[in-house]
Amino acid sequence: MRIDIWSDVVCPFCWIGKRHLEEALKEFRAEHADAEVEILWRAFQLDPNADASSTETIPEMIARKYSMPLEAAVESQDQMAANFASVGLEFNWRDAKAGNTFDAHRLAAMASDRGLDDEADEALKKAYFTDGRLVSDHGVLREIGESIGLPGDEVAEMLASDAYAIDVRHDMTMAQGLGISGVPFFVFDGKFAVNGAQPVDVFRQALATAWDESQKAGAAADSDSAAGADAADGPDCSDGSCSV
């Protein structure tokens, strides 16, 4: 089973949704010890036109973007910090620094080539949400890369070029094709989608549905092979996950 996840480094719901998926995956793997689950992280930018850095605080940016009072924006960040704490994460929103995430996604793509997908995702999100680091800064990105085992000189060389830019743009083009307008967005086996940081139970249901369908497809393929026939199943919507 493969899970494609569209996510942005500065999306708070993406980290929360990831924790919910991880909890559901623990239970799934306990029940299906022989199941192989591949997770593929895909790039998405909530604000592709963002400057490399900004003097605005996060509440100021939110208040401007959503035309809400600054006090309400501050309250929303306090609530988000509480949501983070409920899943064992820390959001120091007063220290968070807004910036463009394109180069952070390029670093993640480089890490993916080295089998360090999850390590990169965790390190980048922690840098932004918990440590208050500017994830558009090349020096910061080099340090993040080194922290997960990437050679610093290779990271610096990559960032000074346009390497992996096509990979990032490809992911975002795929998102447009699927009609994805917000993240996190999870696609299970190319068929079943979960949009947003849904409760753990929704991910349980999505995993079960995708697994059951994959087993049925495997059984049908075996049967058709034996009978010398072809078969194709259409997409479906059920149990908290919808077909793509």
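## Thr130 and its surroundings

Apart from neighbours within four places in sequence, Thr130 is in contact (heavy atoms within 4.5 Å) with Trp15, Glu90, Asn92 and Lys125. This is a predicted model, in which local features need pLDDT of at least 70 and side-chain atom pairs count only at pLDDT 80 or more, while totals for chains, interfaces and linings use all residues. Residues are numbered from 1 along each chain as its sequence is written, and side-chain values use heavy atoms, with hydrogens and water left out.

Thr130 lies in helix H5; helices (H or I, at least four residues) and strands (E, at least two) are DSSP runs numbered from the N terminus. The side chain of Thr130 reaches the backbone oxygen of Glu90 at 2.6 Å. With a relative accessible area of 13%, Thr130 is buried, a term that means under 20% relative accessible area with a 1.4 Å probe and protein chains only.

## Pockets

A pocket is an open set of points on a 1 Å grid over the protein atoms alone, with protein on both sides within 12 Å along at least five of seven lines, and lining residues have an atom within 4 Å of a point. Grid points are joined across faces, edges and corners, and a volume is the space filled by probe spheres (1.4 Å) set on the points. In the table, Ala, Val, Leu, Ile, Met, Phe, Trp, Tyr, Cys and Pro count as nonpolar, Asp, Glu, Lys and Arg as charged, and the others, Gly among them, as polar.

| Pocket | Volume | Lining by class |
|---|---|---|
| Largest pocket | About 760 Å³ | 16 nonpolar, ten polar, six charged residues |
| Second largest pocket | About 340 Å³ | eight nonpolar, four polar, eight charged residues |

The largest pocket has 32 lining residues, and those closest to its centre are Val10, Leu46, Met61, Ile62 and Lys65. Two or more residues of this lining come from each of helices H1 (12-31), H2 (58-66), H3 (70-86) and H5 (117-130), and H2 gives the most, with six residues.

Of the 20 residues lining the second largest pocket, Trp41, Arg42, Ala108, Ala109 and Asp171 lie nearest its centre. H4 supplies the largest share of the lining of the second largest pocket, five residues.

## The chain as a whole

The protein chain contains nine helices and six strands, and buried residues make up 45% of its 244 residues. Among contacts in the protein chain with a separation of 6 or more, 73% join residues 24 or more positions apart.

Technical notes:
Buried < 20%, exposed > 50% of the residue type's maximum accessible area, 1.4 Å probe, protein only. Polar contact = N/O pair within 3.5 Å; in protein donor to acceptor, adjacent residues only side chain to side chain.
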